[in-house]
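Good morning, and thank you for coming. I ask you to look at the model on the screen while I go through a few of its parts.

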Amino acid sequence: MRHVLLHFRFPFVFVLTPIYVWGAWAAPGWNAPTTLGFLLVHLALYPGANAFNTAYDRDTGPIGGLARPPSVPRGLAAWSTLLQGTGAALAPLVGWAFALAYAALWGIFTAYSHPRTRWKRSPWLSTPAIVAGQGGLGWFLGWTAAGGTGVPGARAGWSLAAACAAVAALFPFTQLYQREEDAARRDRTLAAALGVRGTFLLGAAAFVAVAASGFALGLPGLTAYALAVALGAAGLAAAARTPSHGEVMAVSYANSAFLLAYMILAWP
């Protein structure tokens, strides 16, 4: 069970917390269902997806949140399904729109990892799935849990755009140090397709989009930060050096900590 818990990679889930919070920020307000939804997404859906992916990847090298992953225990996929299924059973307590989005994102994560579908093998399938899933549906889960209904307005739309752009930058960045293991499994990830320089250039472009969203939302701090990150990513593209697992994790956690703290301070 200790290995099962480690493969859920609960600390790594922190990297995605700003996405849900962005959705809630653009909605009427944080309430009890928002808190329950946050717990279901970040303590059931995302950790379960981490373990489900590991059950089929069977990585021996560093993965997101684990520098030295333990051996994959028997039944890890079943444990991950149980955890995500428990979240799905409780999701209607937040709301039916939330429950449907939860189920849809669970399905995307399953198709991404399972050998019968294995969207991870193609950047043309994995990229829109993760950007629209973790970014779009991840944002929608926070928005609808905080009372968002109907068609999102301009404020919500720019917040959604920022969430999707941030995921587009993060997604291939966290794959850079895994390219050899992914290639051995015949998984052509987005980082493998773009290379180191292309991955950093995509990150720079994505954070320019985050900056544009911050400007449209009247958040100068977010705009300045996103432009600084974009410039930094462009500089790293010129160097074209593959970052280590530790470097990727440090940048990912620091980025999410800033974005999360800023959105809380800028709460309407």
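A residue is called buried when its relative accessible area is under 20%, exposed when it is over 50%, and partly exposed in between, with a 1.4 Å probe and protein chains only. Helices (H or I, at least four residues) and strands (E, at least two) are DSSP runs, numbered from the N terminus. Please note that this is a predicted model, in which local features need pLDDT of at least 70 and side-chain atom pairs count only at pLDDT 80 or more, whereas totals for chains, interfaces and linings use all residues. Residues are numbered from 1 along each chain as its sequence is written, and side-chain values use heavy atoms, with hydrogens and water left out.

I begin with helix 2. How many of the residues of helix 2 are buried? Nine of its nine residues are, and the helix is mostly covered. Among them are Thr17, Tyr20, Trp22 and Trp25. The cover includes helix 3, helix 5 (96-113), helix 6, helix 7, helix 10 and helix 11, where contact means heavy atoms within 4.5 Å.

In the loop between helix 1 (2-8) and helix 2 we find Phe12. Phe12 is buried, with a relative accessible area of 15%. Leaving aside residues up to four places away in sequence, Phe12 touches Asn50, Gly64, Gly65, Met249 and Tyr253. Phe12 and Leu66 are 54 residues apart in sequence, yet 8.4 Å apart in space, C-alpha to C-alpha.

Next, a pair of helices. The axes of helix 3 (residues 32-57) and helix 6 (residues 123-145) come within 8 Å and cross at roughly 150 degrees. Axes are lines fitted to C-alpha atoms, for helices over the stretch in contact, and angles run from 0 to 180 degrees between N-to-C directions. Helix 3 and helix 6 are therefore roughly antiparallel, since angles over 145 degrees count as such. Residues including Val41 and Leu45 in helix 3 meet residues including Leu141 and Ala145 in helix 6. By class, this contact has six nonpolar, four polar and no charged residues. Here Ala, Val, Leu, Ile, Met, Phe, Trp, Tyr, Cys and Pro count as nonpolar, Asp, Glu, Lys and Arg as charged, and the others, Gly among them, as polar.

Thank you for your attention.

Definitions and conventions:
Parallel < 35°, antiparallel > 145°, perpendicular 65-115°, else oblique.
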